[in-house]
Amino acid sequence: MVLLAALLTAACGSSQNGADSTATSGVLRVGTEGTYAPFSYQDPATGRLAGYDVDVANAVGERLGKTVEFVQTPWDSIFAALEANRFDVVANEVTITPERQAKYDLSDPYSVGEGVIITRADNTSITSVEDLRGKTAGATVTSNWAQVSRDAGATLEPVEGFTQAITLLNQGRVDAVVNDSIAFHAYQSETDDQSVKIAATIGEKSEQGFAARKDSGLLPELNRALAELKADGTLETISQKYLGANVTGAPEAGGAGRSVWALIGENLWPLAKAAITVTIPLTLISFVIGLAIALVVALGRLSKNLALSNIARFYISIIRGTPLLVQLFIIFFALPQIGIKLEPFLAAVIAFSLNVGGYAAEIIRSAIQSIPKGQWEAAETIGFNYVGALRRIILPQAARVAVPPLSNTLISLVKDTSLASTILVTELLRTAQVAAAPTFEFFALYGTAAAYYWVICLVLSFGQNRLEDRLERHIAR
Amino acid sequence: MSTDEIEYRVVAQGVEKAFGDNKVLKGVSFTVQRGTATAIIGPSGSGKTTLLRTLNALDRADAGVIRVDDVEIDFSTPTTKPEIRRFQSRSGFVFQGHNLFPHKTVLQNVIEGPVIVQKRPRDEAVAEAEVLLDQVGLAEKKDQYPYQLSGGQQQRVGIARALALKPKLVLFDEPTSALDPELVGEVLSVIKDLAFEGWTLVIVTHEIQFAKQVSNQVLFTDGGIILEKGPPEQVIGDPKEERTKQFLQRILNPL
């Protein structure tokens, strides 16, 4: 494995050298501020560049077998210098954003910050983002953290920077500061200020990586080197050295890192559990109740009683003419306004049952109508009343006609239950959303959820085939 | 009085039936004696099938009084469902297109009425059904589904299904019209056997020779009335009415 990695490294390295004339001699030129402690700064003791980003860049260079040459450049002109080929990569806590991603090659993150709520160490009244309601929070006014604070119901105290915010906090002029965990760790490692603490995390992440010119071809080797540094714990060692905390995005020292596969593995059971305990019961209960409603509505629709058939028609029209999501919202959000407050699961069951009732009613109606009149008459001549004829003679035959379209309805319902995530039912999709939010692994987690939905539908399709075979055993083929 | 002692199994008086503006039966009266076979013949649209269906209330007469066995209904007055159901329970019906239940086996078709409607013990109903199926020559087909049978076999199952309810009267609506010609004989011979066994039968048919051979009474319907009735040798052998003669001429010598 190691040999293979080495070979790959060598192969990529040589091809890289051939392709990029500016890096012919195995030199990696790195642009950095040099004035941004503890990430990139001049160590007063040695006079040399030091800091988290500097050491990470050095470690990457070592991995790649390249000499690292630093080029100090002010932040404001650092991207212009990169464009001008003054150096090959920027190592300066470059936050990965979609805008930058469009213009530059951005590596995988080597520092991952998390949104945190910082309070005085003796404060016990704030333990979650909800506790911010009614409190005063300090945050840079244009930052995402300001928005988070406002959304949480806090009064915003605009600040100029992190240090000022902490000062206000220490002075008791704000109750909390919302910012990035890396900024906090950097502050604490610089100042050793123990009067403030992280009171809660808010699940928002910021990720920092290297920036290179677009289509530089450097990304594969940079990312591979970062992955190796994460895997062998080097990155964490550097992080602990400068920040007194692990900000690498890798969870444990010396661990293999939390790969996508590990994340999927961790969530396989929680997602399966959500599918088994919520999605499947929600589907089946709603379908059975829905079918009962559908049968009644279909018979109403077929009734000679004009009032009955018009009521049935109206019901079908409403259900089919309005979005399922709106029906869910009416039952969950609107009914409480007239005093009917339902639990999320119950509200979902009611909404889905009513919905299935409307669609399946038309399927059942047409299936009943497809049975020849002679079958009703034959049932009548052997003494059946309406209900008896329906139950013993008509519905068993109508079932054969109705099963394929009803199976469609059931399979749609399986997937439609994901809409219940919008009314706080922690079904499969909601569980995936919750798992994905802090990790940002949308593809992995939503992909897993999709796979589960697919498996459920596969099983149902199989059941449909079996049922159809059974119902067709009396039909000439 | 036991119902078996009632002389007439059917007494119909002034039966009228219209579908919308179309008056199909314009006051029809006749009787059927216990243990006899009555054939109803007549041109298409003459009302013969409708007449048969009013005897089972598959079509409700608009006016007239019909007694079947011991149940009499005056159709010019409102009727109740239980009344109609009691009326219907006195007769069995064999359809032109058999109308077997396709999702049930031959045996299940026959015992459905006795077991589910009449709530008789299943073992007893099965034993009786097997006798009936043997009688119509289908004992070995009892576990097959209708689609596995020929048209003639399906019609014979239809007959067994009607008989299983032990009706006082068996109604046949053109029982051989939907069959291939070579299958007609097997069905007619079953009906003939029933007539000889003393079942009371009313048969709408185009099989003139069969009617002549089997029936005790022939009704010739035309334009919503019974134009001529009497023993077969009279109505078929020596018709009085010109319409009857024309009809028989066309049927017996189509070319």
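Q: Among contacts in chain B between residues at least 6 apart in sequence, what percentage join residues at least 24 apart?
A: Welcome to this predicted model! Start with the contacts in chain B whose residues are at least 6 apart in sequence. The share of these that join residues at least 24 apart is 63%.

Q: How many helices and strands does chain B have, and what percentage of its residues are buried?
A: Chain B contains nine helices and ten strands. It has 255 residues, and the buried ones make up 48%.

Q: What percentage of the residues in chain A are buried?
A: Let's turn to chain A, which has 17 helices and twelve strands. For its contacts with a separation of 6 or more, residues 24 or more positions apart account for 71%. Of the 477 residues in chain A, the buried share is 39%.

Q: Is helix 9 of chain A mostly covered or mostly uncovered?
A: Helix 9 of chain A spans residues 234-243. Among its buried residues are L235(A), I238(A) and Y242(A). Seven of the ten residues in this helix are buried, making helix 9 mostly covered.

Q: Which helices do the buried residues of helix 9 of chain A pack against?
A: The buried set in helix 9 also includes T234(A), E236(A), S239(A) and L243(A). Just after the helix, G244(A) takes a positive phi of about 65 degrees. The packing partners, also in chain A, are helix 2 (52-64), helix 7 (181-191) and helix 8 (219-231).

Q: Which residues touch the most other members of the largest nonpolar core?
A: The largest nonpolar core has 122 residues. Helix 13 of chain A, residues 344-369, gives the most to this core, with 13 residues. The residues touching the most other members are I364(A) and V110(B).

Q: Which residues is V110(B) in contact with, leaving aside its neighbours within four places in sequence?
A: V110(B) belongs to the largest nonpolar core. With neighbours within four places in sequence set aside, its contacts are A129(B), L132(B), L133(B), V157(B), A160(B), R161(B) and A164(B).

Methods. Residues numbered from 1 in each chain as written. Chains lettered and ligands numbered in written order. Predicted model: local features only at pLDDT ≥ 70, side-chain atom pairs only at ≥ 80, totals over all residues. Helix = DSSP H or I, 4+ residues; strand = E, 2+ residues; numbered from the N terminus. Buried ≥ 20, exposed ≤ 12 C-beta atoms within 10 Å, placed from the backbone. Contact = placed C-beta atoms within 7 Å. Core = buried A, V, L, I, M, F, W, Y, C linked by C-beta atoms within 7 Å.
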